[in-house]
Amino acid sequence: MKLAMVRPGLADLVAGVAAITGRGLGGRAAAFAVADLLRDRLHTLDLLTPQERAGSPEGYVSQVLHAQEDFSVVAVVWRPGQGTAIHDHVSWCAFGVISGVEHETVYRDMGDHLAEVGRADNRPGDVSGFAPPGDIHRVRNTSAEVGVSVHVYGTDVSRLGSSVRRVYDLPVR
């Protein structure tokens with residue numbers, strides 16, 4: 001018999017997100033409501049095992065902690081300098097940073113190129129939410145420590161395999 005790992009605070013977070021998604025809010029409203037919930041219930045590094053917190057030299061690691069039809073909770077581990085390609089998402093998302101600095105660059109699709117429209121350095125304790133359209137971004141851990149963040153997506157990423165809808169290769173101007 002395989003025992004399920006107990007992750008401190010995860011059951012409480014899942015119950016809170018389920019209550020929010022059960023209200024049938026639209027994407028932006030759900031993202032902001034879940035961001036508020038994360039702000040009050042942001043986890044500590046104890047959410048992951050020491051091995052999971054180490055990440056991978058191959059690239060950032062997404063660890064699905066909970067998935068059901070209407071939402072998923074994912075921990076993302078980024079070693080220094082690791083980041084994503086420019087991408088957007090299949091659903092709304094809320095995230096909270098536990099460690100490291102997630103430098104986010106936001107873009108607008110101009111048809112034949114991407115235009116940079118914003119930048120943010122998300123530090124431990126920072127929480128935010130967003131929803132398509134307008135969610136084109138790239139994220140990179142710019143700190144000298146391993147970064148860990150909790151992401152809640154408004155879809156079952158275990159079924160889809162990823163929260164990414166599209167990776168962009170348009171030039172940035």
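1. Start with helix H1 (residues 10-21): in this predicted model, H1 lies across S1, S2 and strand S9 (147-153), at about 130 degrees to S2. Contact here means heavy atoms within 4.5 Å. Axes are lines fitted to C-alpha atoms, for helices over the stretch in contact, with angles from 0 to 180 degrees between N-to-C directions. Helices (H or I, at least four residues) and strands (E, at least two) are DSSP runs, numbered from the N terminus.

2. Helix H2 (residues 27-41) has its own set of strands: strand S4 (93-99), S7 and S9, and it runs at about 165 degrees to S7.

3. Now the sheet itself. Five strands form an open sheet in the order S1-S2-S9-S4-S7, paired antiparallel; two strands count as paired if DSSP finds at least two bridges between them. S1 (61-68) and S7 (127-130) sit at the edges with a single partner strand each, so one side of each has no neighbour in the sheet. From one strand to the next, the twist averages 20 degrees.

4. At the S1 end, S1 and S2 (residues 71-78) are antiparallel and share seven bridges.

5. S4 is worth a look. Seven of its seven residues are buried, with buried meaning under 20% relative accessible area, exposed over 50% and partly exposed in between (1.4 Å probe, protein chains only). S4 pairs antiparallel with S9 over six bridges, and four bridges join S4 to S7, also antiparallel. Alanine 94 shows both pairings: its bridge partner in S9 is valine 152, and in S7 it is glycine 129.

6. For the whole chain, I get four helices and ten strands, running α-α-α-β-β-β-β-β-β-β-β-β-α-β from the N terminus. The radius of gyration is 16 Å, close to the 16 Å from the globule rule for 173 residues, so the chain is as compact as a globular protein of that length. That radius is taken over C-alpha atoms, and the rule is 2.2 Å times the number of residues to the power 0.38.

7. Buried residues make up 46% of the 173. Of the contacts between residues at least 6 apart in sequence, 78% join residues at least 24 apart.

8. Bookkeeping: residues are numbered from 1 along each chain as its sequence is written, and side-chain values use heavy atoms, leaving out hydrogens and water. Local features need pLDDT of at least 70 and side-chain atom pairs count only at pLDDT 80 or more, while totals for chains, interfaces and linings use all residues.
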